[in-house]
Amino acid sequence: MSDTEYIPWISQFTELFGHDYFVQVSQEFIEDDFNLTGLSSQVPYYREALYTILDYQVETAEDKNGNNNTNTTESSKKTELPNKALLAHSAELLYGLIHARYIVSKQGLTAMASKFERNDFGSCPRYFCDGMHLIPVGSTDIPGQETVRLYCPCCNDIYIPSSSRYLNIDGAFFGTTFPGLLVKMFPEIENHCKIRINKFSSNDFGLKLFGFKINELSATGPRMKWLRMHPKTELEKLEYEKCEYDIPKIINEEEEEQDIDDDDDIEEEDDEEMDDDVEEADDKTMASE
């Protein structure tokens, strides 16, 4: 194969069918050992998988068995080599975990923001979101738990990709941090959400029977209406902040009794101080007479 026909492993991986959500991680990022901290314990045949991603030549079990020039003593000293299928799986797993770390860096956020702007991840199906672009997200950072999901920054809901070709992508390859960081790094995303929220009113759409709206407390009512409710007035904002940040304090019976005893002690001390003040005042009046 000539040099003009050579395609790097990363380019081949991102161009595969169903890998539209991935961006190409720069080779400088992968070669920095600091960015790969802790991945060696999560990926089998880590060193061979890393060499595969960086397009280094890696010897597999098939290559070892096909080489008749190796001696038995030399082969026994070498470590066990993976086969091609296992090496490919390890390389994909390692690249996915590196990808999750790359997209939270400045360079990776910029690359993913370009894909978000082109609507490469799809649009939100909710009516009031008005075609808001979606962001890939994982429900956990541990690989092998759940496939990738799509997050809508407008309604704050998570959806399953509409196409089945994305159902084989691990959610850990995008992680749980990326969507929130992307929204905070690019304020224009929040501005688009505010425009969509203020564009519609809760009275514009809803199920009706003979012209009458269905009560939201009904079993068939709009039970997901709370997703579209946002504080508008100052009073609603204060109530929202209070509900979000205030943590109710649970007081045990022993603590309540202790607090009551402390209050009684304080009252007795105050009474004694008042009695002392009265006695001092009486002594002064006696002395003046």
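Figure 1. Strand S2 (residues 149–152) and strand S3 (residues 157–159) pair in the antiparallel sense, with 3 bridges between them. Two strands are said to pair if DSSP finds at least two bridges between them. The hairpin of S2 and S3 has 4 residues between the strands, and Asn156 takes a positive phi near 60° there.

**Figure 2. Strand S1 alongside strand S2.** Here you can follow S1 (residues 135–137), which runs antiparallel to S2 (residues 149–152) and is joined to that strand by 3 bridges. Look for Pro136, whose bridge partner in S2 is Leu150.

Figure 3. Ile158 belongs to strand S3. Leaving aside residues up to four places away in sequence, Ile158 touches Arg149, Leu150 and Tyr151, where contact means heavy atoms within 4.5 Å. Ile135 is 23 residues from Ile158 along the chain, and their C-alpha atoms are separated by 9.3 Å.

**Figure 4. Helices H8 and H9 where they cross.** The axes of H8 (residues 178–185) and H9 (residues 187–199) come within 4 Å and cross at roughly 90°. H8 and H9 are therefore roughly perpendicular to each other, a label for angles of 65 to 115 degrees. Axes are lines fitted to C-alpha atoms, for helices over the stretch in contact, and angles run from 0 to 180 degrees between N-to-C directions. On the H8 side, the contact is made by Leu182, Val183, Lys184 and Met185, and on the H9 side by Pro187, Ile189 and Glu190.

**Figure 5. Stepping back to the protein as a whole.** The protein has 11 helices and 5 strands; these are DSSP runs numbered from the N terminus, with helices being H or I of at least four residues and strands E of at least two. Of its 289 residues, 31% count as buried.

**Reading notes.** Residues are numbered from 1 along each chain as its sequence is written, and side-chain values use heavy atoms, leaving out hydrogens and water. Because the model is predicted, local features need pLDDT of at least 70 and side-chain atom pairs count only at pLDDT 80 or more, while totals for chains, interfaces and linings use all residues.

Technical notes:
Parallel < 35°, antiparallel > 145°, perpendicular 65-115°, else oblique. Buried < 20%, exposed > 50% of the residue type's maximum accessible area, 1.4 Å probe, protein only.
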